[in-house]
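Subject: Structure handover

Dear colleague,

Here is the structure you asked to take over. Please look through it before reading my notes below.

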Amino acid sequence: MCGRFLRHLLAEESRHSTPVGRLLLPVLLGFRLLLLAANGTGVYGDEQSEFVCNTQQPGCKSACYDAFHPLSPLRFWAFQVTLMAVPSTLYMGFTLYHMLWRWEEAGSVKEKESLVQEEENSRDASGTGSPRLLWAYVAQMGVRLVLEGVALGSQYYLYGFKMPSSFACRREPCLGSITCNLSRPSEKTIFLKAMFAISGLCLSFTFLELVFLCLWKLWRTHKHKLSCHNFLVLGRLKRRKEPAGNLPAVETKERFQEAGKKRADDHSLSSLSA
């Protein structure tokens, strides 16, 4: 029963998603997490230790590194991955709450099993679900779209598209202009552009998911209206045909009643004459 409930929970969670949201977005999110975990530390792990400035003044190197990168790229991408998972987690929690609420209303075990079976049959027949879950899914996709856009803009504002090989710093407690050099700027630029590309693809696919979802909803609404219109037209045609088909029966019934009255009158006349 528990396994059936978990399967139904996963089916309910992915009921409103299109193939873009069901396959491509999780693959991209997993690839971003894998790329960050496997290569992020090797590329950007020595960023601060290999940040070399042409001065020995105490505190100058730390001040210049803080001016160059106010937020470490690794921490920024880790925060981005965590932030992208928040809307999906909230939607999963809302779906679980929705199912548990209906589960408690069902009462007994047999009623719960029948409720699960009815929902599975209705999903197979119509493909639609609760309007609350639909709007919750649209809301979480909208929030993810906004977060992806903000993260992409913040990444460009903080790091740009290219990692420079040197950085000129004029900041206290440094005396005058200080030049600092970075290690492996080309490798870091490639990794930076790869993270830009993944974020851009996630943003594009999230937007496509919302567009496909709206088109699918409009198509189902149009199909429902068309089926209702066809049903009404068939009903009207059937009503028009029914009176014409019933005329012979009505006429036969009236003739039978008239023949019965005539026989009764003849019988009464014969009894009077006798």
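The notes below cover the disulfides, the nonpolar cores and one glycine.

The model is predicted, and everything here should be read as computed from it.

Disulfides

Three disulfides turn up in a search of the whole structure. With the bonded cysteines numbered in sequence order, they pair as 1-6, 2-5, 3-4.

Cys-53 is bonded to Cys-180, with 2.0 Å between the sulfur atoms. This pair ties strand β1 (residues 52-53), which holds Cys-53, to strand β3, which holds Cys-180, across 127 residues. The link is right-handed, with 100 degrees about the S-S bond. Both Cys-53 and Cys-180 are buried.

Cys-60 is joined to Cys-174, at an S to S distance of 1.8 Å. Cys-60 sits in helix α3 and Cys-174 in the loop between β2 and β3, 114 residues apart. The torsion about this S-S bond is about 110 degrees, so the disulfide of Cys-60 and Cys-174 is right-handed. Cys-60 and Cys-174 are both buried.

Cys-64 pairs with Cys-169, their sulfur atoms 2.3 Å apart.

Cys-202 is buried, with a relative accessible area of 1%, whereas Cys-214 is partly exposed at 47%.

Nonpolar cores

The largest nonpolar core has 28 residues, and Cys-64 is among those with the most contacts inside it, along with Tyr-44, Phe-51, Trp-77, Phe-191 and Leu-192. At least two residues each come from α2 (19-44), α3 (60-68), α4 (73-106), α6, β3 (178-181) and α7 (185-273). The most come from α7, which gives six. Apart from this core lies another, of eight residues, including Leu-25, Ala-136, Tyr-137 and Leu-210.

Beyond its neighbours within four places in sequence, Trp-77 is in contact with Leu-36, Tyr-44, Gln-155, Phe-191, Leu-192 and Met-195.

Gly-160

Gly-160 lies in the loop between α6 (131-159) and β2 (166-169). Its relative accessibility is 15%, and the limit for buried is under 20%, so Gly-160 counts as buried. Not counting residues up to four places away in sequence, Gly-160 touches Gln-155, Leu-192 and Phe-196. The C-alpha atoms of Gly-160 and Leu-192 are 8.8 Å apart, with a sequence separation of 32 residues.

Regards

Key. Residues are numbered from 1 along each chain as its sequence is written. This is a predicted model: local features need pLDDT of at least 70, side-chain atom pairs count only at pLDDT 80 or more; totals for chains, interfaces and linings use all residues. Side-chain values use heavy atoms; hydrogens and water are left out. Helices (H or I, at least four residues) and strands (E, at least two) are DSSP runs, numbered from the N terminus. Buried means under 20% relative accessible area, exposed over 50%, partly exposed in between (1.4 Å probe, protein chains only). Contact means heavy atoms within 4.5 Å. A nonpolar core is a set of buried Ala, Val, Leu, Ile, Met, Phe, Trp, Tyr and Cys residues joined through side-chain atoms within 4.5 Å. A disulfide is a pair of cysteine sulfur atoms within 2.5 Å.
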